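Trainee: I'd like to learn how to read a structure like this one, feature by feature. Could we start at the surface and work inward?

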Amino acid sequence: CKLIIWAWARDDRGMSNKLFRERETVIAGPSSLKPPQLGAQTKTSEATLESQLGIQNFNERIERWFGSTQQFSDRVIRGWKLCIVDCLTFPYTVFCRQCQVYPHYRVSPSPLAPLRSIIALHHIAHAQGIHAWWRGWNRHMVLQIVHPLVDTLLDRMWGSDGKDSTHLWSIARYLTLRSVLCAITMPLVSYTYLEMVQNTSHRVHTSFMEAALQRPLLLAGTSQQLPFSLLLGPTVLHSVACDAIGHLVRRGLSKFAPGLSSSAPPSNSGPLRTAMLALSTSLCTSFVANTLLYPLQTVLVRLYCQGMPMLVDNVQSGTEVTYVKEISRGLVDCIRVIWEGEGPLGFYKGYSSLLLQYAVQGLLLALLWRLVRMQQRRSRGNQGE
């Protein structure tokens, strides 16, 4: 009562009303308090607060589970490659390798090439079973596990310790690590290519020892297989070019399309949107690199598989089997043979299957983007109600 009288004496109406409510609370007790009637503005503020708390809790959960948004984006990209690239769309990769190693037809540019690829895949599945689409999948998965493990191990053994003051030393260290990584994984790559291109019903059973480990290392000798010393240069060139193209594509996206780049996401974007941007950037980078390096990939597949007894499906009809035996003395000789015998478009055999693969991936990515945006609109709708 003394406080109320003192407030009235100062003619402070706001303070008097506040103290008067406090006095009623003290006198009547907390049980008699009645919640105020919520208006539209109060409901909106509460909905906004709830949505902000939900987003904040999701961001905190991401940071607690993955450590940072960048690590969460890396996990999303790895999961996408494992589930979509290495499993769902793997049949298109197999058909690409079969077309690249099959020299008995010439390619003509046609908008119906993807449809012909689908028809050939249907005939192959009808003749050999649906499992023929995933031939060599187990070897491919072993390669996908071994490759990053060896890369991480080499990087830790000879990683950057902060003393790389010169740019030339960084380039030399990178090229050395890439060369050692390719040299270690080359036997497994050779065996994986051989398992992909062979027919599943009529095939020459070749073990890993015969396909990879018995390949000569330094000298060709009397074997028709190329030694690993001649295959190391093109393999390292393909790996370095793929990394360089990916770097250029990411820089181009960050400069000309910053809204689509994961290197500079918007300041108000959450971890989910950042991960989707990183996934979109990774898909664009992979498509550009595979398109530009597809001729070199064709030459590499033929060099790895030459000298091995192979029964390859007829990729034009999908119902016949052809014995492939083509000999070349190296990278330049293989390029010359393809150019003279199959024409310039012979380097892009099976490219329509690659387009189908990225079309499926783009469709699934667009569906994920739509789900993310629907979730964002739902949260914004809750804020506006």
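Mentor: Patches are made of residues with over 30% relative accessible area and no salt bridge, where like charges are joined within 9 Å and nonpolar side chains (Val, Leu, Ile, Met, Phe, Trp, Tyr) within 5 Å. A salt bridge, in turn, is a side-chain nitrogen of Lys or Arg within 4 Å of a carboxyl oxygen of Asp or Glu. Accessible areas come from the Shrake-Rupley method with a 1.4 Å probe, and for residues only the protein chains shown count as cover. Keep in mind that this is a predicted model, in which local features need pLDDT of at least 70 and side-chain atom pairs count only at pLDDT 80 or more, while totals for chains, interfaces and linings use all residues. Residues are numbered from 1 along each chain as its sequence is written, and side-chain values use heavy atoms, leaving out hydrogens and water.

Trainee: Which residues form the nonpolar patch on the surface?

Mentor: Leu153, Met157, Trp158 and Trp169, with about 450 Å² of accessible area together. Helices (H or I, at least four residues) and strands (E, at least two) are DSSP runs numbered from the N terminus, and Met157 is found in helix 7, residues 137-157. Buried means under 20% relative accessible area, exposed over 50%, and partly exposed in between (1.4 Å probe, protein chains only). Met157 counts as exposed because its relative accessibility is 63%.

Trainee: And the inside? How many residues does the largest nonpolar core have?

Mentor: In soluble globular proteins, nonpolar side chains tend to be buried together. A nonpolar core is a set of buried Ala, Val, Leu, Ile, Met, Phe, Trp, Tyr and Cys residues joined through side-chain atoms within 4.5 Å. Here the largest has 34 residues, and those with the most contacts inside it are Phe95, Val101, Leu231, Tyr304, Cys305 and Met310. Among the elements giving two or more residues to this core are helix 5 (90-101), helix 10 (228-256) and strand 1 (310-313). Apart from it lies another core of 16 residues, including Ile84 and Met276. Ile84 sits in helix 4 (residues 69-88) and is buried, with a relative accessible area of 13%.

Trainee: How do I read aromatic pairs?

Mentor: Rings of Phe, Tyr and Trp (its six-membered ring) pair if their centres lie within 6.5 Å; planes under 30 degrees apart count as stacked, over 60 as edge-to-face and the rest as tilted. The structure holds seven such pairs. Tyr294 and Tyr348 are stacked, at 5.7 Å centre to centre and 15° between the planes. This pair links distant parts of the chain, 54 residues apart. Tyr294 is buried at 3% relative accessible area, whereas Tyr348 is partly exposed at 30%. Tyr294 also pairs edge-to-face with Tyr351, at 5.6 Å and 75°.

Trainee: Last topic: how many salt bridges does the search find?

Mentor: Side chains of opposite charge can pair when their charged atoms come close. The search of the whole structure finds six salt bridges. In one of them, Asp333 meets Arg329 at 3.6 Å, N to O. Glu340 bridges to Arg336, with the closest N and O atoms 3.2 Å apart; both lie in helix 13, four residues apart, about one turn of the helix. Glu342 pairs with Lys349, the closest N and O atoms being 2.6 Å apart.

Trainee: Are Glu342 and Lys349 buried or exposed?

Mentor: Glu342 counts as buried at 4% relative accessibility, and Lys349 counts as buried at 0%. Salt bridges that share partners join Arg329, Asp333, Arg336 and Glu340 into one network.
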